[in-house]
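This report describes the fold, the helix packing and selected local features of the chain shown below. The sequence and structure are given first, and the description follows.

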Amino acid sequence: MENSVKNTCSKIDATAVLSGGTERMYGLEKAYIPNKSSIKRLLHAITLSKNNNNVPIIILGGITNNSKIPESELLSEVALGLGVKKDKLILDTTSRNTIEN
């Protein structure tokens, strides 16, 4: 049995990232950053986008924990820092859980 995932899609129109949560920045009471799960998901979506003609990346995640910034906005800042063009990002800033996505 193969351990790799085969690409069975001939074309994709977009890729989506469901935020996996945030964690508090060490030493700062109200500053949150994307957690490792969120970052891994984002990196996978960026790779998919780049391998498919830079299709848009939909980032889903609203305000959770005590943060005042939606998780999708936090992840979009990471994506921009990694060279993703702003016009390739679509944000959902309202969903707070998988059901709301």
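## Overall fold

From the N terminus on, the elements of the protein chain follow the order β-β-β-α-β-α-β. The chain thus described is a predicted model, and it contains two helices and five strands.

Of the 101 residues of the protein chain, 34% count as buried. Contacts with a sequence separation of 6 or more were also examined: residues 24 or more positions apart account for 59% of them.

## Confidence of the model

The average pLDDT of the protein chain is 87, and 89% of the residues score at least 70. Among the elements, the lowest mean pLDDT, 87, belongs to strand 2, and the highest, 97, to strand 4 (residues 57-60).

Where pLDDT is low, the predicted coordinates should not be read in detail.

## Packing of the two helices

Two packed helices are described by the angle between their axes and the distance between the axes. Helix 1 spans residues 36-50 and helix 2 spans residues 71-81; they pack at an angle of about 50 degrees, and their axes are 11 Å apart.

Helix 1 contributes Ser38, Ile39, Leu42 and Ile46 to the contact, while helix 2 contributes Leu75, Val78 and Ala79. By residue class, the contact of helix 1 with helix 2 comprises six nonpolar residues, one polar residue and no charged residue.

## Surroundings of helix 2

The buried residues in helix 2 are Glu71, Ser72, Leu74, Leu75, Ser76 and Ala79. Of these, Leu75 and Ala79 also take part in the contact with helix 1. The buried residues of helix 2 pack against strand 1 (15-18), strand 2, strand 3, helix 1, strand 4 and strand 5 (89-92).

Just after helix 2, Gly83 adopts a positive phi of about 95 degrees.

Most residues other than glycine have a negative phi, and most peptide bonds are trans. Which backbone values do Asn53 and Asn54 take? Asn53 is not a glycine, yet has a positive phi of about 60 degrees. Asn54, likewise a residue other than glycine, has a positive phi near 55 degrees.

Asn53 lies in the loop between helix 1 and strand 4, and Asn54 is placed in the loop between helix 1 and strand 4 as well. Asn53 has a relative accessible area of 74% and is therefore exposed. Asn54, with a relative accessible area of 39%, is partly exposed.

## Lys30 in the loop between strands 2 and 3

Lys30 is found in the loop between strand 2 (22-24) and strand 3 (32-34). Is Lys30 buried or exposed? Its relative accessibility is 63%, so Lys30 counts as exposed, the cut-off for this class being over 50%.

Lys30 and Asn65 are 35 residues apart along the chain, and their C-alpha atoms are separated by 9.8 Å.

Note on methods
Residues numbered from 1 in each chain as written. Predicted model: local features only at pLDDT ≥ 70, side-chain atom pairs only at ≥ 80, totals over all residues. Heavy atoms only, no water. Helix = DSSP H or I, 4+ residues; strand = E, 2+ residues; numbered from the N terminus. Buried < 20%, exposed > 50% of the residue type's maximum accessible area, 1.4 Å probe, protein only. Axes fitted to C-alpha atoms, helices over the stretch in contact; angles between N-to-C directions. Contact = heavy atoms within 4.5 Å. Nonpolar A, V, L, I, M, F, W, Y, C, P; charged D, E, K, R; others polar. pLDDT = per-residue confidence, 0-100.
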